[in-house]
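User: I would like to learn how to read features in a model like this one. Please take me through a few.

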Amino acid sequence: MTEPVLAIRDLNVSYGSAQAVQDVSLTVGRGEVLALIGANGAGKSTLFKAVCGMVRARGGTISLNGSRIDTLPASRIVTRGVAMVPEGRRLFRSLSVEENLIIGAQAGRPGPWSLERVYQVFPVLEQRRRQPATSLSGGQQQMVAIGRALMSNPELLLMDELSLGLAPVIIKDIYALLPSILGDGLAAVIVEQDIGRAMKASHRFVCMLEGKVSLTGHSGEFSREQISAAYFGN
């Protein structure tokens, strides 16, 4: 069997005495899109932070291409090939669109993604490359955040709440671009509140409830009622 790009085994993460993630295990293969769903407070963002080295696990392991990364600092995890599109985009206000994108390349990883490639996927960013990134519309800022992550030439792309605060037509456009973004065999995990959209965009899903995995399987394998029960704990 091919080694998964991401393998999380029995992960536990706590904030003080509050356990945010409890005994979570999941894998993501090369070229696979995994949807991570669950209500607010389910532990999704904490899991992302643990993968990126922003919080430390209290137990379990996180491996990238068979090598553990849960003991590495965040900067080393980026150079190993993990990139995140954070919730709320978090662009650098004082920098232009192009300068924000260039920051993503500081990991120094070789690969197919360059400014030219990002501009091919998001032509509007080339037109606005000299503008302050935060002067763009919400949808265009999300494109900058995605482009910045891709500029690191990752092997694993984590996308946290891609559609948050965006108009439906912009969300549709961004999701329509995902095949061209992920077409080089990238492994990806998408956190998305819209369950239907998450299922359409993914191969498999993991549903979390109160820090634990409540349901997992192939997208389209379960009814909305089953997913709703796992999502809300009914």
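**Rings, charges and a sheet**

Analyst: Start with a charge over a ring. R117 lies over the face of W113, at 4.0 Å from the ring centre. Keep in mind that this is a predicted model.

User: How many aromatic pairs does the structure hold?

Analyst: There are two aromatic pairs. One of them joins F205 and F222, with 5.8 Å centre to centre. The planes stand at 90°, and the pair is edge-to-face.

User: Where in the chain do F205 and F222 sit?

Analyst: F205 is in strand β9, residues 204–209. F222 is in the loop between β10 (212–218) and α10 (224–232). They are 17 residues apart, so the pair links distant parts of the chain.

User: Why does F205 count as buried?

Analyst: Buried means under 20% relative accessible area. F205 has 0% relative accessibility, so F205 counts as buried.

User: And why does F222 count as partly exposed?

Analyst: The partly exposed class lies between buried, under 20%, and exposed, over 50%. F222 counts as partly exposed because its relative accessibility is 24%.

User: Now the sheet. In what order do the four strands of the open sheet run?

Analyst: The order is β2-β1-β4-β5, with antiparallel pairing. At the edges are β2 (18–28) and β5 (67–68), each pairing on one side only.

User: What packs on the sheet?

Analyst: Helix α1, residues 44–52, does. Helix α1 touches β1, β2 and β4, and its direction makes about 110° with that of β1.

User: How many bridges pair β1 with β4?

Analyst: Five bridges, in the antiparallel sense, pair β1 (residues 6–15) with β4 (residues 59–64).

Note on methods
Residues numbered from 1 in each chain as written. Predicted model: local features only at pLDDT ≥ 70, side-chain atom pairs only at ≥ 80, totals over all residues. Heavy atoms only, no water. Pairing = 2+ DSSP bridges. Helix = DSSP H or I, 4+ residues; strand = E, 2+ residues; numbered from the N terminus. Contact = heavy atoms within 4.5 Å. Axes fitted to C-alpha atoms, helices over the stretch in contact; angles between N-to-C directions. Phe/Tyr/Trp six-rings, centres within 6.5 Å; stacked < 30°, edge-to-face > 60°. Buried < 20%, exposed > 50% of the residue type's maximum accessible area, 1.4 Å probe, protein only. Lys NZ or Arg CZ within 6 Å of the ring centre and 35° of its normal.
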